[in-house]
Amino acid sequence: MEMVSITIDGQKVQVAKNATILEAAQVIGINIPTLCHHPELRTAGKCRVCMVEVEGARSLIASCVYPVSEGMVVRTTTSVVREARRLVIELLLANHPPDCLACSRNLNCELQTIASDLGIRKVRFDGERKNYPIDTSNPSLVHDQSKCILCGRCVRVCSDRQGMHVYSFANRGFHTTVVPAFNQGLHEVACTYCGQCAAVCPTAAITIKDDTSLVWKALGDPSKHVVVQTAPAVRVALGEELGLPTGHVVTGKMVAALRHLGFNRVFDTTFSADLTIMEEGFEFLDRLKNGGKLPMITSCSPGWVNFAELIYPDLLDHLSSAKSPQQMFGALVKTYYAEKAGIDPKDIVSVSIMPCTAKKGEAAREEFNSSGYQDVDYVLTTSELAMMIREQGLDFNSLPAEDFDSPMGISTGAGVIFGATGGVMEAALRTVYEVVTGKELENIDFKAVRGLSGIKESQVEIGDLTVKIAVAHSLGNARILMDKIQKGEADYHFIEIMACPGGCIGGGGQPHVKSAELRQKRIDSIYECDSCAPIRKSHLNPAIKELYDTWLGKPLGEKSHHLLHTHYHPQKRS
């Protein structure tokens, strides 16, 4: 790679010839503020907060888009630069709602942080405030155009990474907005509810729909028995919201915190992830042996399911009929658990803690009431749980570790790795191999399906069968695979698709990160949990065995079919 030498604030640095000034500054630890720039999205150069002086240039330069050149001399902290940055931020604040203390992004807002870092204590301008109605129609997201700073991050992530093109710029000048086509509500357009727009938004223009007040109300009702399930990916991200390093595993502290909040039982979604493997694995074998529709595609990710229903309605029979772990758990809470605990299911409130904003929409689907009640009543994201912990005044880091409740808190390492891209596939292969061959699988780490490559392909020998598999994460990569299936070019038997980057660990409800390296830390922690687990195969989970022996009967049996499987239907949204 060809390198060039430049000087930034008196420091010499060598960087790749195709680097930008911003990237070069980061190499030597110089922080240039940005708003429109996001390291994982294509550059835009819109906000001009990152302006610097370049010797010989007639005006200030946007460092996020300007390439370096041999001998370039850059100054990032001159009085002219500082005043220009302050001017840009003050002009944004002059038109921005002044409700920071009551804003959901207070103390976690990039605009607020930059204003503070630049020492802005008073805004010199009194601009016209934007005043748009807040769109709360989407089950997962809230869109408040009044707080939009027109950075375009949501436009880029939705179009470039997810391939959905929900947002675009409309109107001109002061009246420019970022909206869905024809200014429709987010419930009317082809939104998959993945929440990646909220994950990259620097302000509170797009946020997660806050359901914490509903859960507080349920916890305060003595007539209700409130149970909670926690997804695998939450345990490796919750700590980030509460002062711990990225990827720190907080399972035991999280359980303790949930009990302090008042939940009657604290269960683990990993239990129903093991159950999903049983149902989905046996479904795959049934399709493989009896000429069923192949390739079979996983159905754990509701953002992906929405995408398939919206964009590929003709291919829905490829999806596994198995419900997601969240929904399997919800169905069992109000049947199996209610029966064992002697509680009337109408008095049970089922709450889930998820990394995924689309889970809110999934729980609200009309068909998910096979228990006779809505299977999951409320879904909170990782970030919402952190809000509740702070509101309760808990010193999270001082809490002693506690265990999940039985029986629906017993799980395996295979269930935990659902939180990472490739994890569902790996967990399924561990079980399918032993079911087919009747032999113990010695090397259970299927490393070919791990990692952050957008699409991974492999083949696995299972007895006399050669099973061809693929794994994709992010909807843009899902589209590539689905187009191949549609054209008859997909030579696969089994495919795993997750809507979000890195899988559930990169869900829209997780603490925001700006690099693949940080997502990889969460993934590493997921696999650490797996490697330390006493049981690492779903079919060996004693609680799952008991469930089938005493209540369900067998995988794909009549009871399982009624409670644990579903069907998909085309969605018609513009």
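User: How many helices and strands are there in the protein chain?

Analyst: This is a predicted model, in which local features need pLDDT of at least 70 and side-chain atom pairs count only at pLDDT 80 or more, whereas totals for chains, interfaces and linings use all residues. Residues are numbered from 1 along each chain as its sequence is written, and side-chain values use heavy atoms, with hydrogens and water left out. Helices (H or I, at least four residues) and strands (E, at least two) are DSSP runs, numbered from the N terminus. On that basis the protein chain holds 19 helices and 17 strands.

User: Why is the protein chain described as being as compact as a globular protein of its length?

Analyst: The radius of gyration is taken over C-alpha atoms, and the globule rule is 2.2 Å times the number of residues to the power 0.38. For 574 residues the rule gives 25 Å, and the protein chain is as compact as a globular protein of that length because its radius of gyration is close to this, at 25 Å.

User: What percentage of the residues in the protein chain is buried?

Analyst: Buried means under 20% relative accessible area, exposed over 50%, and partly exposed in between (1.4 Å probe, protein chains only). Of the 574 residues in the protein chain, the buried share is 59%.

User: How many disulfides are counted?

Analyst: A disulfide is a covalent bond between the sulfur atoms of two cysteines; here the criterion is a pair of cysteine sulfur atoms within 2.5 Å. The closest cysteine sulfur to that of Cys 50 belongs to Cys 64 and is 3.8 Å away, which is too far for a bond. Cys 532 is in no disulfide either, as its nearest cysteine sulfur, in Cys 529, lies 7.3 Å away. The count is therefore zero, by the 2.5 Å rule.

User: Is Cys 532 buried or exposed?

Analyst: Cys 50 has a relative accessibility of 2% and counts as buried. For Cys 532 the relative accessibility is 60%, so this residue counts as exposed.

User: Which residue follows α13?

Analyst: Helix α13 covers residues 382-392, and its buried residues include Leu 385, Met 388 and Ile 389. After α13 comes a residue whose phi is positive, near 80°, namely Gly 393.

User: Which residues does Leu 465 touch, not counting residues up to four places away in sequence?

Analyst: Leu 465 is found in strand β16, residues 465-473, and is partly exposed, with a relative accessible area of 31%. Contact means heavy atoms within 4.5 Å. With residues up to four places away in sequence left out, Leu 465 touches Leu 288 and Val 460.
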